[in-house]
Structures are given as C-alpha cells and as structure tokens.
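Subject: Structure handover

Dear colleague,

I am passing on the structure below, followed by an account of what was found in it. Please keep it open beside you as you read.

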Amino acid sequence: MTGTNTTLIGKGTFARGVHPPHRKSFAEDAQIEIFPTPKQVIIPLIQHIGAPCKLAIEPRVDVRVGDILGEAGGFVSAPIHASINGKTAKTVMRTLPTGRHVSCVPIKADGEQLEGQALWDDVFGGDWPTTGLEKYKQEEIQKAVSDAGIVGMGGAAFPTHVKFAKNDKKPIDTLIINGCECEPYLTSDYRLMVEAPAPIITGALLAAQAVGATNIAIGVEDNKPKAIEILKKAAEGTPVKIVPLKTKYPQGGERSLVPAVVNRTIPTLGLPLDVGVVVINVGTATAVARAVLRRKPLTHRIMAVTGAGVVNPKNLLVPIGVSYSDVLEFCGGFKPDAARAVSGGPMMGFTIGDMDSPVTKGTSGLTILTHDEIKKAAETTCVRCGRCVDVCPLGLVPTKIAMASKYKAWDTAKAYSLLACVECGSCAYTCPASVPLVQLIRIGKALMPKE
Amino acid sequence: MNENTDKVKTAEKVEKPVINPSIQVTVSPHLSNTAFTTQKMMIDVLIALVPLLAVAIWVFKWHVVVQVGISVLSCLAFEALFTSWRLKKITLGDYSAAVTGVILGLSLPSSVPWYVAFIGSMAAIGLGKIAFGGLGYNIFNPAMVGRAFVLFAFPMALGAAAYQVAGGMEVLTQATPLTLAKQLGQSTPLWALLIGNTNGSLGETSAIACILGGIYLCIKRTASWEIPVSAIAALIVFAGIGNLTNTSAEWTVLHHLVGGAFLFGAFFIATDPVTSPLTPKGKVIFGIGFAAVVMLIRAFSGYPEGVMFAVLLMNAVTPLINKWTIPVPFGGPVPVRK
C-alpha cells in the first residue's frame with residue numbers, strides 16, 4: 001500500500017471560525033494516570049448514535065473485563081462490554097449529561113483486577129506492527145470493530161464499523177485521523193498522541209485497509225507541536241502523513257477538517273464519505289488497532305479532567321462506566337469557585353446535572369469551569385453587526401436563523417438554511433450582544449415542523 | 001443543583017472535606033468572547049471620531065464644542081425620556097445615543113442656532129430610533145433622520161448660504177467646496193480638502209481625519225471594511241465616468257472623493273451596523289449603491305451634496321439587499337428531504 005498523497009491538497013485551514021482561548025495548560029503536561037479500579041461501574045446500554053443495545057446478561061452474574069453485556073440493537077449500533085471484573089446487578093436508570101435517560105448495567109468490582117502499568121500495557125503497550133497488516137481483510141476488520149463495540153471517541157459516538165462498511169457506490173480514497181482537539185481545555189487526545197503514537201499509526205493503517213483508502217492523514221492543530229513531532233517519528237516508513245493544521249475552532253469538525261486536509265467540501269447534511277473520505281478520531285484509531293490485532297473490545301478510554309475549577313487537573317485512563325464523581329474525587333474535587341461541570345469541552349460539551357452519571361465511550365473529558373471562566377455580558381439586542389456571519393464556518397447568517405427560530409418564522413428559518421447548522425457555537429461565543437444564537441437555533445431545529 | 005458527593009464510592013478515598021459548590025446546568029457554549037461587546041463597539045466609534053473633532057475645533061473653534069455638546073446632551077436626554085415612556089430599561093451605558101449625538105452634531109454647519117441641534121436630536125432619537133423599538137430595531141440611521149428633519153424644518157439654517165459665516169478662519173466666509181464647484185465651477189485645492197481647512201459641515205472637512213478614524217474602525221472590525229472600500233471604488237468609477245463626459249471639469253475624481261461629506265459618510269454613517277446589510281456581499285452592494293446615489297445627487301440635483309439622502313435611501317433598501325444576499329451554506333443548499 002503506497003500513499004500517493006496527490007489528494008492531500010488542502011490549505012491546512014478553513015474559512016471563518018473563532019479563536020477561543022486554548023487553556024490547555026491545566027492538564028497539557030500531566031502524564032496519563034491509570035485510574036484505580038472503582039468499586040462500581042455503571043455501563044449505559046446506549047452510548048452511541050443509533051439503536052440501544054439489547055441486554056445480554058442476567059443480573060448477579062460474574063463478569064470479566066471484555067465480557068459482553070449488551071448486543072448491538074441493529075446495524076447502526078454497538079455492543080457494550082464489562083470494563084472491570086465483578087458481579088452485575090439489576091439495571092438502573094441514569095441521566096446522561098445529554099439529558100437522555102438510559103438503562104445501565106451496574107457492575108460491582110469483585111476479585112483480582114488488572115491495575116496500573118499492567119492495564120496500560122494491556123490497552124496501549126506492547127508491539128504495534130506497521131507492516132504485514134495486509135492479511136487483515138475488509139470484512140475481518142469491520143467485524144472485529146463491530147464486535148468490539150467501537151464508536152467515535154471524539155464525542156459524537158457514531159458506530160465506527162458503519163463507516164467501514166463496503167460501499168461500492170461511494171468509493172473512499174482518503175482516511176483522515178482526527179487529532180485536532182480544537183475544543184479548548186481538553187488534552188486527552190493530545191496526551192494519547194504523545195504517549196501512545198504507535199497504536200494510532202497501526203489503527204490508521206488498519207482503518208485505511210478497511211475503507212480502501214490510499215491516502216492516510218493525521219490532522220493535528222499546530223498548537224500541539226510535540227504531538228506532531230512524535231507522530232511524524234512513529235509514522236516513519238508508513239504511508240501515514242501528519243498534516244499540521246492552523247489552530248482555530250472548529251478545526252476538528254468534519255466540515256472544517258476535510259476541506260483543510262483534502263480541499264473537498266462535504267455537502268450540506270451529507271457525510272465525509274460523500275466526498276470519498278472517512279474520518280475517525282485518534283482514540284478510535286487505537287481502539288481499532290486493539291480490536292483487530294488483539295481481539296479486545298472497547299472497555300477503557302483516556303479522558304482529561306481539567307479546568308480552573310478542579311483541584312488537580314489530570315489525564316486519566318478510565319474504565320467505561322466509572323462515575324464522574326469518582327473521577328472528580330480522584331482529581332481532588334471541586335474548587336470552591338467551580339460553576340459548571342462539563343462533559344467534553346466548553347464549546348460543545350454538556351453540563352452534568354447528576355455527577356453520579358457514568359463516563360461513556362464518547363466522553364473526552366470532564367471540564368470544571370469557574371464563575372470567572374464562564375463570565376458573560378448581559379444580553380442586549382442584536383445590532384446586526386454581522387460578527388456571527390464573519391465567524392460561521394458554514395457561511396450562514398446565525399442572527400437571522402436564531403431570530404426566525406425565536407419567533408417561529410419557519411419560512412425565514414428555511415430560507416436561511418436552519419438545518420445546515422452544525423451547532424458549533426462560534427456565533428454565540430462571538431456575539432457582542434451576548435445573544436444566545438446557537439441555543440435559539442437548536443430550539444428552532446427541534447421545533448421546526450418536518451415536511 | 002447540589003452534588004451528592006457523599007455517594008462517592010471509591011475505595012482509596014477516605015473522609016476528606018469535600019466542597020460542594022452549586023453547579024449550574026445549562027447549554028453550550030460555556031465560553032464567550034468578552035473582549036468585544038456592543039458597548040465597546042460604540043466606544044470605538046467615539047474614539048475614531050476624535051481626529052474629526054480635533055480638525056473641527058481647529059477650523060470652527062468653539063462652535064464645535066457648542067453644537068456637538070448640545071446634540072450629545074440632548075440625544076442622551078431624549079433617549080432617556082423616550083425610553084422611559086415606553087417603560088423600557090434606559091440604556092445610556094451602551095453609548096449608542098452618544099454616538100448618534102456626535103455624528104449629528106458633526107453633520108451640521110457651524111452657524112445653526114442652538115435649537116436646531118436640539119430638535120434634530122429629538123427627531124434622531126424619537127423618530128429615528130425609539131419609534132422603531134430602540135437600538136437594533138431602527139431602519140434608518142438616527143443621526144441622518146435627525147439631520148433630514150432639521151433640513152426640512154429649517155431650510156434656511158442648513159441651506160448652502162448658512163455655511164458662510166464671518167469671523168474665524170477666512171475660508172469660512174466662502175461657500176463650501178461643493179457649492180463653489182456646483183454653482184461657480186470653482187475648484188478647491190486638494191491639500192485643503194485633505195487636511196480640512198475648508199468650509200463645510202463640522203466633521204466633514206478633513207479627508208485625512210476621516211480616513212484615519214475610518215481605518216481604525218475597520219481594523220477593529222467595528223465598521224465593516226466592505227462598505228467604505230466598495231463605496232470608494234464605486235465613487236471613483238462613477239466620478240471617472242462623469243469626468244470623461246465632461247473633460248473640462250476642474251472638479252476631478254479625487255476632488256469628488258475627498259471633498260464634501262463622502263468619506264465621513266462612507267466610514268462613519270454608512271457603516272452603522274444596525275442599518276446596513278448583514279453579509280459581506282450585501283455590504284458591497286450597499287457601498288456601491290451609496291456611492292451611486294451620492295454621485296447622482298451631486299451631478300443632477302439642486303443639492304450640492306447627497307450623503308445624507310444616500311444613506312437614508314440605502315437604509316431603506318437594506319432589508320431588500322439582505323433578502324437578495326441570503327448566502328448558500330458552505331456545503332451547498334439544504335437538500336429537500338423526501
């Protein structure tokens with residue numbers, strides 16, 4: 001497999017966008033720590049976009065790490081697995097930060113656990129070959145990824161095997177591994193790229209094989225020079241190219257990433273595969289490598305615990321299903337001026353109402369923001385300054401869409417392409433009148449009558 | 001919402017004092033750019049007007065302080081009065097009324113009686129702004145509404161003859177450069193138009209001051225550069241065409257550009273965000289239209305200058321321009337779902 005790279009002709013950036021403060025320094029240099037096995041994990045039966053899982057076990061049975069708890073409930077779905085050794089209990093309901101009520105399988109820790117360095121070695125350690133991978137065929141990789149319950153680990157949690165499905169109508173030539181991490185604060189992908197570059201490269205090669213891509217690029221924002229350097233070294237002798245991208249939000253969104261790397265535009269409401277591209281996150285790439293080479297399901301992930309409102313910001317390797325409160329307590333808890341606990345980053349993350357809710361496969365971090373960090377001027381009327389137009393990465397007119405949503409003027413909302421909005425929040429971040437633009441647009445998307 | 005941290009079940013952790021701050025639940029984004037607010041925008045405009053005020057004080061002396069002072073104070077007073085009549089919160093702190101006051105004051109001749117600025121301010125804030133719902137809702141630039149009102153109410157006070165006053169600089173005894181050009185075919189030296197020792201409305205005389213302040217506004221993105229740049233380019237083209245058809249004119253393209261209120265209007269009045277289009281494309285159309293109307297009035301109407309009418313006319317068609325320039329999303333139009 002040789003990359004010609006004739007298609008990596010992007011400009012390394014995208015039009016418009018915003019420059020929020022990076023604030024990565026809280027946990028940027030904190031080496032990933034192995035979270036000690038919690039007393040209990042609570043594993044939601046749905047952690048992905050698509051159909052919920054079907055419960056596959058009885059209550060009160062002994063399970064070991066990797067045992068299946070729930071089977072995929074359809075093609076666009078992903079199975080879930082035990083992340084610690086222990087005994088299951090009757091399912092309980094939990095409210096995830098997204099506001100979704102989900103049925104979860106609790107597991108009480110019991111017996112020996114894989115801990116510390118041994119756990120790290122099991123997940124990221126050992127040898128990650130970059131040659132001889134040709135023996136893994138598309139069907140095999142797709143099945144391994146599907147069985148391992150792998151979903152997009154950048155946050156959206158779209159089942160990865162769906163992206164790997166055979167698609168003769170829309171041939172794929174490019175695989176982009178998303179290492180942008182354009183959300184402020186978050187450092188989980190960065191630490192992963194710095195500390196475990198080998199499985200990312202192996203995963204990228206396997207994913208490229210699955211989708212039939214000859215061009216493989218890892219896009220990394222240029223505020224992470226160390227990650228770029230380490231990945232370049234790890235990718236030596238492979239067709240994987242490291243593409244530094246200009247640091248700008250939302251560079252990590254597919255609609256900004258694909259044009260920046262290959263200069264192709266994803267059609268409105270379309271997917272990267274419409275332009276011959278598959279995008280997966282760096283964390284997802286490591287999970288793919290582990291699933292295909294070692295037959296291990298997705299049971300652990302890296303998450304950042306960061307922000308000015310947490311006592312000891314850290315990056316952690318955690319079992320899926322650990323509660324946010326356990327994670328927070330391990331990091332020293334809230335500081336007195338903490339104001340919001342956010343699952344993910346501050347631009348698109350969800351505030352956590354119930355700190356006992358579990359970390360899922362798509363949880364990239366826990367950001368604790370202080371009152372000072374969330375300071376915002378009082379809302380005044382729109383003066384039509386057009387700043388939101390200047391920053392919208394999709395070239396929309398956010399103020400018009402937001403006002404149309406507010407007053408339920410659906411014809412106007414439609415004329416201004418309400419449905420094209422991807423809710424990145426650049427408009428609301430920028431608005432000098434502090435109008436909650438993206439928030440109103442979300443309401444509009446939910447309320448607009450379907451044709 | 002209070003967190004039940006007492007439910008924490010980690011093995012290693014023993015009784016440690018746990019802080020339970022009250023945690024908010026809300027929607028993203030959780031950060032906002034506090035460096036740029038509506039208030040700071042208005043302060044930017046006031047800063048950008050300083051060079052104009054300085055030149056005006058040099059040329060017109062204490063008249064400037066009186067006119068601008070009256071119009072700023074009365075704009076603030078009328079804003080407070082009319083807003084309180086509507087039982088709304090009085091927001092003088094956003095400085096928008098102050099900006100209206102300064103621009104209105106600078107758009108008047110030095111000789112007008114005190115009540116002209118006062119009544120102009122009443123019309124600007126009352127008719128131009130509050131009647132439409134206040135800041136952000138007005139269709140027309142309030143300062144230009146105020147000026148148009150007093151132009152019709154006191155034609156003598158604002159007519160071409162009103163500009164000629166005795167005392168002060170010698171240039172003030174002459175007609176304004178545009179009137180001289182229109183009625184007598186006399187030209188004014190370019191350097192005078194640039195530095196501003198000519199007659200005219202208080203703020204318009206110096207092209208250099210307008211350009212300095214204007215560039216500041218564009219760099220700060222408080223004014224959209226698309227409007228002045230397209231207006232200037234369009235004016236050069238239209239004035240160039242005009243000069244081609246009348247080669248004897250001493251009033252050249254450059255005179256059209258730096259003379260009169262064109263630059264003052266292009267940088268400070270046409271760029272009022274509330275009354276100009278939203279998209280870059282719309283702003284370019286707006287700028288071209290503004291320059292076209294200015295040139296039409298200068299060339300064919302009885303008035304020597306057309307900036308005020310050009311702004312008001314383009315304000316009126318701004319909703320239409322917005323409608324014409326609805327952008328297509330980056331990824332193409334939203335497909336119709338079956």
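Two strands are taken to pair if DSSP finds at least two bridges between them, and the strands (E, at least two residues) and helices (H or I, at least four residues) are DSSP runs numbered from the N terminus. With those terms, three strands of chain A, in the order S3-S5-S6, form an open sheet with antiparallel pairing. Its edge strands, each of which pairs on one side only, are strand S3 (54–55) and strand S6 (80–81) of chain A. S3(A) is joined to strand S5 (residues 68–71) of chain A by two bridges, the two strands running antiparallel, and A:Leu55 has A:Gly70 in S5(A) as its bridge partner.

Before going further, please note that this is a predicted model, in which local features need pLDDT of at least 70 and side-chain atom pairs count only at pLDDT 80 or more, whereas totals for chains, interfaces and linings use all residues. Residues are numbered from 1 along each chain as its sequence is written, chains are lettered from A and ligands numbered from 1 in the order in which they are written, and side-chain values use heavy atoms, with hydrogens and water left out.

Other strands of chain A

Strand S9 (residues 101–109) of chain A is joined to strand S2 (residues 40–44) of chain A by five bridges, and the two run antiparallel; here A:Gln40 has A:Lys108 in S9(A) as its bridge partner. S8(A) and S9(A) form a hairpin with five residues between them, and A:Gly99 in the turn has a positive phi of about 95°.

A further open sheet in chain A has four strands in the order S12-S11-S10-S13, with parallel pairing. Strand S12 (240–245) and strand S13 (277–281) of chain A are its edge strands, each pairing on one side only, and the twist averages 25° from one strand to the next, given that axes are lines fitted to C-alpha atoms (for helices over the stretch in contact) and that angles run from 0 to 180 degrees between N-to-C directions. Strand S10 (residues 174–178) of chain A pairs with S13(A) in the parallel sense over five bridges, with A:Thr174 standing opposite A:Val277.

Backbone details

A cis peptide bond joins A:Tyr249 and A:Pro250, with omega about -5°, and A:Pro250 lies in the loop between S12 and helix H7 (254–262) of chain A. In chain B, a cis peptide bond joins B:Ser28 and B:Pro29, with omega about 0°, and B:Pro29 is placed in the segment before H1 of chain B. B:Tyr95, a residue other than glycine, has a positive phi near 65° and is found in the loop between helix H3 (62–85) and helix H4 (96–106) of chain B.

Where the chains meet

The contact (heavy atoms within 4.5 Å) takes 75 residues from chain A and 54 residues from chain B. Together the two chains bury about 5700 Å², 58% of it on carbon and sulfur atoms, where buried area is the accessible area (1.4 Å probe) that two parts lose on being put together, summed over both. Across this interface the rule finds one salt bridge, defined as a side-chain nitrogen of Lys or Arg within 4 Å of a carboxyl oxygen of Asp or Glu. B:Arg221 forms a salt bridge with A:Asp390, the closest N and O atoms being 3.1 Å apart. On the side of chain B that touches chain A, the elements that give two or more residues are helix H1 (38–48) and helix H14 (280–300) of chain B.
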